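Reader: Can you walk me through this one? I'd like to start with the terms, then go to the charged pairs.

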Amino acid sequence: MKITRRAFTAVVAGAIATPLTHVRLAGAADKVVRIGYQKYGTLVLLKGKGTLEKKLESIGYTVEWTEFPGGPQLLEALNAGAVDFGSTGETPPIFAQAANAPLVYIAHEPPAPRGEAILVPKDSPIKSVAELKGKKVAFNKGSNVHYLLVKALEEAGLTYEDVEPSFLAPADGRAAFEKGAVDAWVIWDPFQAAAEVAVEARELRNGEGIVPNHQFYLGTKALVDGHAQAIDVLIEAISEIDEWTKSDTAAAAAELSPSVGIPEPVLVKALERQSYGIKSLDDTVVAQQQSIADTFFKLKLIPKEVTIADVVRKGKA
């Protein structure tokens, strides 16, 4: 489902108005891990399989799931206390950390640079990123593709100020793209694959060679500090889903299709561009994430400098 602005506001307001949610998680009984997920990805598959519920039940926990249209919205909810755990691309946690969200990086998936791209309509006269100068470009502010756009423009000899940003969530971005209200759309899978198949959107530039496009698993500091066993169970369950998806992409696509409303062939295309193999953050990944944070601070897109290493869970994933 698509979460509306009104529904999201209600979720956040409810979290603020009922702080007992955190007590529930921290208490000896009725422990609940509240997971935020997006319309596509490993967490959707994990929810559909139902295996996490059984694993957590064995150690006295239950699960609550909430869907979000993108990483920035998910981390706004984490900051507000509405969820305890979730997965996003590279950029949302940087914006969230700059906003003093109590988040911790727990683990990540290997790079998947082909899983995000700058798209233009099939008949667009634009043939290169350099030709985006002065053009209107749609993307979800604070998402992983925000950084892709910055680096692609830099590679083409342009700056972020050379384009006109149009901040739109995926569904609104697709609508604007199809109506011709924007000249380009920067988006991630499966929305990327859907546009390529349905309207023959043309890829102008993907992330290869300029951005890694990691997926990160993040939790609140309260979850990480007080519920290590629950996190270990979560990571184990995610790893199992990863292995299954990698070994049988067609089956994963078939399971995802009804919940996301995207045809199986489109999902196969997207899943084949995804990476698999959850692991803890090493120095290289931390440095890559720090580079993104430094870039956004220089562009004045975040209000202060942040140190990624300060909010990374130590030890194995």
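Author: Terms, then. Buried means under 20% relative accessible area, exposed means over 50%, and partly exposed is in between (1.4 Å probe, protein chains only). This is a predicted model: local features need pLDDT of at least 70, side-chain atom pairs count only at pLDDT 80 or more, and totals for chains, interfaces and linings use all residues. Residues are numbered from 1 along each chain as its sequence is written, and side-chain values use heavy atoms, with hydrogens and water left out.

Reader: Is Asp-189 buried or exposed?

Author: Asp-189 is buried, with a relative accessible area of 5%.

Reader: Which side chain does Asp-189 meet in a salt bridge?

Author: That of Arg-273, at 2.8 Å, N to O. A salt bridge here is a side-chain nitrogen of Lys or Arg within 4 Å of a carboxyl oxygen of Asp or Glu.

Reader: Where do Arg-273 and Asp-189 lie?

Author: Arg-273 is in the loop between α13 (264-271) and α14 (283-298), and Asp-189 is in the loop between β8 (184-188) and α9 (191-198), so the pair ties together parts 84 residues apart in sequence. Helices (H or I, at least four residues) and strands (E, at least two) are DSSP runs, numbered from the N terminus.

Reader: And is Arg-273 buried or exposed?

Author: Buried, at 9% relative accessibility. Arg-273 also forms a salt bridge with Glu-196 (3.1 Å, N to O). Glu-196 sits in helix α9, 77 residues from Arg-273. Glu-196 is buried too.

Reader: Which residues are linked in that network of salt bridges?

Author: Asp-189, Glu-196, Lys-269 and Arg-273.

Reader: How many salt bridges in the whole structure?

Author: The search finds 14. One of them joins Arg-313 and Asp-232 (3.4 Å, N to O). Arg-313 lies in the segment after α14 and Asp-232 in helix α11 (residues 228-247), so this pair ties together parts 81 residues apart in sequence.

Reader: Switching to the whole chain. How many helices and strands?

Author: The protein chain has 14 helices and ten strands. Buried residues make up 55% of its 317 residues.
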